[in-house]
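Please open the model in your viewer and keep the side chains ready to display. The tour below moves from one selection to the next, with charged pairs as its theme.

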Amino acid sequence: MFTKEESTIIRQEFWTSFGKSFPRKWLLYNTKIKNFAFKFVADRKQALVCLDIDMKNNELRGHYWDKMLSLKNILKTQYINLIIYDNEYLLENGKSIYRIYIQFPDKFSIHNKKTWYACYQFFIKQMTQFELFFEEYEDFIKN
């Protein structure tokens, strides 16, 4: 087991190593849609590449969720075939959000440095596909 401080240092090292090893400007929060953001997630149990839809306004959140549902078949068949749509994804803090994600298929822990490189490769491949998808359908999603 790691202390909270050790775990914090390992997480910082993981993300710093990713950024230095694979320098690239990712889309992430720059979708121009508030609370509609792409994310990398890595913790003790899993690694994910996500699109989180987290507006406080339920009508607006539902609007974007419906847009993404209408594109589900395209996203699955042309970009990321193992994508998961979850309209009740529960975050660690107990908050429920809409999340569209792909999970790293192998055993992963941010505390196990042997899993890092494969995770980085997964991040690059899957986020690139997500960004290509968004770039292609951005106008439809935003309108």
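## A tour of the salt bridges

Begin by selecting aspartate 52 and arginine 99, both of which are buried, and bear in mind throughout that this is a predicted model. Their side chains form a salt bridge, with an N to O distance of 2.6 Å. The pair ties together distant parts of the chain, since aspartate 52 lies in strand E2 (residues 47–53) and arginine 99 in strand E4 (residues 96–103), 47 residues apart.

Next, select glutamate 131 and arginine 24, whose side chains meet in a salt bridge at 2.4 Å, N to O. Here too distant parts of the chain are joined: glutamate 131 belongs to helix H4 (residues 116–142), while arginine 24 sits in the loop between helix H1 (4–21) and strand E1 (36–42), 107 residues apart. Glutamate 131 is buried, at a relative accessible area of 10%, whereas arginine 24 is partly exposed, at 39% relative accessibility.

Stay with helix H4 and select lysine 142 and glutamate 138, which are about one helical turn from each other because they are four residues apart in that helix. Their side chains form a salt bridge of 2.6 Å, N to O. Lysine 142 is partly exposed at 28% relative accessibility, and glutamate 138 is likewise partly exposed, at 23%.

To finish, display every salt bridge in the model, for which the count is six.

Definitions and conventions: Residues numbered from 1 in each chain as written. Predicted model: local features only at pLDDT ≥ 70, side-chain atom pairs only at ≥ 80, totals over all residues. Heavy atoms only, no water. Salt bridge = Lys/Arg side-chain N within 4 Å of Asp/Glu carboxyl O. Helix = DSSP H or I, 4+ residues; strand = E, 2+ residues; numbered from the N terminus. Buried < 20%, exposed > 50% of the residue type's maximum accessible area, 1.4 Å probe, protein only.
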